[in-house]
Amino acid sequence: MVNRFLLALDPSPHSRQAAEYLAAIAGQLKGSQVVLLSVLPTWPSGVNSPVTDEPVILTGEVHGGEDAGEQLGQAQAFLAEIVALFKRRGLEADRIQRLIVPQDKGVAEDIVAAAEKHECDTVVVGRRDLSAVQSIFLGSVSSELVKNLEGRTVWVVE
């Protein structure tokens with residue numbers, strides 16, 4: 001049985017904690033595979049989606065805002081750190097896939113779509129410390145995943 005995990009990441013301490021938790025487990029499971037996913041709210045024009053294992057070097061003028069190019073660069077650097085973490089924990093590089101995608105429908109919906117497309121049986125996310133009022137106004141990605149992912153396990157790491 002192959003364990004195929006999707007780890008949804010943003011450059012936050014909560015995501016890093018979820019990555020460390022999964023790395024400790026996946027490195028010990030024979031044949032496990034990990035898809036690292038980062039969903040960006042803005043996307044630089046001229047860059048094809050998704051961005052996978054090869055780093056994208058933005059040259060010249062970046063259309064779609066400098067922030068979009070900067071966010072993509074930060075996401076690439078963060079995923080490279082997470083790949084190194086998984087390798088240190090014993091997961092071979094060929095069992096790790098990186099995906100950076102533009103937000104399409106919403107972060108939770110995009111994570112669900114990626115889990116289905118890549119046939120992941122477990123989705124792992126970090127949980128932000130939101131108050132009840134913040135959850136009402138901001139929503140909770142982890143709550144939406146638990147509600148909307150059918151036939152898959154969701155791990156919410158605190």
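This is a tour of one chain, stop by stop, for a viewer that is already open.

The model is predicted, so local features need pLDDT of at least 70 and side-chain atom pairs count only at pLDDT 80 or more, while totals for chains, interfaces and linings use all residues. Residues are numbered from 1 along each chain as its sequence is written, and side-chain values use heavy atoms, with hydrogens and water left out.

**The whole chain**

Start with the chain in cartoon view, where there are five helices and five strands, read as DSSP runs numbered from the N terminus (helices: H or I, at least four residues; strands: E, at least two). From the N terminus on, these elements run β-α-β-α-β-α-β-α-α-β. Of the 158 residues, 40% are buried, where buried means under 20% relative accessible area, exposed over 50%, and partly exposed in between (1.4 Å probe, protein chains only).

**The aromatic cluster**

Next select Phe 5, Tyr 21 and Trp 155, which form one aromatic cluster. Rings of Phe, Tyr and Trp (its six-membered ring) pair if their centres lie within 6.5 Å, and planes under 30 degrees apart count as stacked, over 60 as edge-to-face and the rest as tilted. By this rule there are two aromatic pairs. The ring centres of Phe 5 and Trp 155 are 5.4 Å apart and their planes stand at 50°, so this pair is tilted. Because Phe 5 lies in strand S1 (residues 4-8) and Trp 155 in strand S5 (residues 153-157), the pair ties together parts that are 150 residues apart in sequence. Phe 5 is buried, at a relative accessible area of 2%, whereas Trp 155 is partly exposed at 25%. Tyr 21 and Trp 155 form an edge-to-face pair, with 6.0 Å from centre to centre and 80° between the planes. This second pair also links distant parts of the chain, since Tyr 21 is in helix H1 (residues 13-26), 134 residues from Trp 155. Tyr 21 is partly exposed, at 43% relative accessibility.

**The nonpolar cores**

Now select Leu 7, Leu 36 and Phe 86, the residues with the most contacts inside the largest nonpolar core, which has 27 residues. A nonpolar core is a set of buried Ala, Val, Leu, Ile, Met, Phe, Trp, Tyr and Cys residues joined through side-chain atoms within 4.5 Å. The elements that give two or more residues to this core are S1, H1, strand S2 (33-40), helix H2 (66-88) and S3, and the largest share, eight residues, comes from H2. Contact means heavy atoms within 4.5 Å; leaving aside neighbours within four places in sequence, Leu 36 is in contact with residues including Leu 7, Leu 79, Phe 86 and Leu 99. A second, separate core of 17 residues includes Val 35, Val 39, Val 123 and Val 125.

**Ser 38**

Stay on strand S2 and select Ser 38, which is buried at 5% relative accessibility. Beyond its neighbours within four places in sequence, Ser 38 is in contact with Leu 9, Ala 75, Leu 79, Leu 99, Ile 100 and Val 101.

**Contacts along the chain**

Finally, return to the whole chain: among contacts between residues at least 6 apart in sequence, 79% join residues at least 24 apart.
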